Amino acid sequence: MKYIWLKKKIHIARKTVYGKCPRCRTKSQLEVISNNPGKEKFKCNICFQNFGINEM
């Protein structure tokens, strides 16, 4: 007898923050990529650049 295991995709709600992107200099919604305390990384929804909290 064979068993087939299916991987379930878990959809996590993306957390967005309103802030200023260092590249395109516009205030937009920034998507939080990693949520490590003190080492957060964000992604701009306009120019799609990834940057850290220290670059803001």
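Residues are numbered from 1 along each chain as its sequence is written, and side-chain values rest on heavy atoms, with hydrogens and water left out. Because the model is predicted, local features need pLDDT of at least 70 and side-chain atom pairs count only at pLDDT 80 or more, whereas totals for chains, interfaces and linings use all residues.

The secondary structure of the protein comes to 0 helices and 4 strands, where helices (H or I, at least four residues) and strands (E, at least two) are DSSP runs numbered from the N terminus. From the N terminus on, the elements accordingly read β-β-β-β. The 4 strands form an open sheet in the order β1-β2-β3-β4, with antiparallel pairing; two strands are taken to pair if DSSP finds at least two bridges between them. At the edges of the sheet lie β1 (16-20) and β4 (50-52), each of which pairs on one side only. From one strand to the next the twist averages 45°, the axes being lines fitted to C-alpha atoms, for helices over the stretch in contact, and the angles running from 0 to 180 degrees between N-to-C directions. Strands of a sheet pair through backbone hydrogen bonds, either parallel or antiparallel.

Strands β1 and β2 run antiparallel and are joined by 5 bridges, and Tyr18 stands opposite Gln29 in β2. The hairpin of β1 and β2 has 6 residues between the strands, and Arg25 there takes a positive phi near 60°. Arg25 is also among the residues touched by Lys20, which is found in strand β1. Not counting residues up to four places away in sequence, Lys20 touches Arg25, Thr26, Lys27, Leu30 and Met56, contact meaning heavy atoms within 4.5 Å. Lys20 and Leu30 are 10 residues apart in sequence, and their C-alpha atoms are 8.1 Å apart in space. At 46% relative accessibility, Lys20 counts as partly exposed; in this classification buried means under 20% relative accessible area, exposed over 50% and partly exposed in between, with a 1.4 Å probe and protein chains only.

Strand β2 (residues 27-34) is joined to strand β3 (residues 41-44) by 4 bridges, and the two run antiparallel. Along this pairing, Glu31 stands opposite Lys43 in β3, and Val32 stands opposite Phe42 in β3. The hairpin of β2 and β3 likewise has 6 residues between the strands, and within this hairpin Gly38 takes a positive phi near 85°. Ser34 lies in strand β2 and is buried, with a relative accessible area of 19%. Leaving aside neighbours within four places in sequence, Ser34 is in contact with Lys39, Glu40 and Lys41.

Buried residues make up 21% of the 56 residues in the protein. The largest nonpolar core has 6 residues, namely Cys21, Leu30, Val32, Phe42, Cys44 and Phe51; such a core is a set of buried Ala, Val, Leu, Ile, Met, Phe, Trp, Tyr and Cys residues joined through side-chain atoms within 4.5 Å. The elements that give two or more residues to this core are β2 and β3. In soluble globular proteins, nonpolar side chains tend to be buried together.

A search of the whole structure finds 1 aromatic pair, and its members are Phe42 and Phe51, whose ring centres are 6.2 Å apart with the planes at 40°, so the pair is tilted. Rings of Phe, Tyr and Trp (its six-membered ring) pair if their centres lie within 6.5 Å, and planes under 30 degrees apart count as stacked, over 60 as edge-to-face and the rest as tilted. With residues up to four places away in sequence not counted, Phe51 touches Cys21, Pro22, Leu30, Glu40, Lys41, Phe42, Cys44 and Met56. Among contacts in the protein between residues at least 6 apart in sequence, 14% join residues at least 24 apart.

With a disulfide defined as a pair of cysteine sulfur atoms within 2.5 Å, the count comes to 0 disulfides. Cys21 is in no disulfide, the nearest cysteine sulfur, that of Cys47, being 3.7 Å away; Cys21 counts as buried at 1% relative accessibility. The sulfur of Cys44 is 3.8 Å from the closest cysteine sulfur, in Cys47, which is too far for a bond, and Cys44 is buried, with a relative accessible area of 0%.
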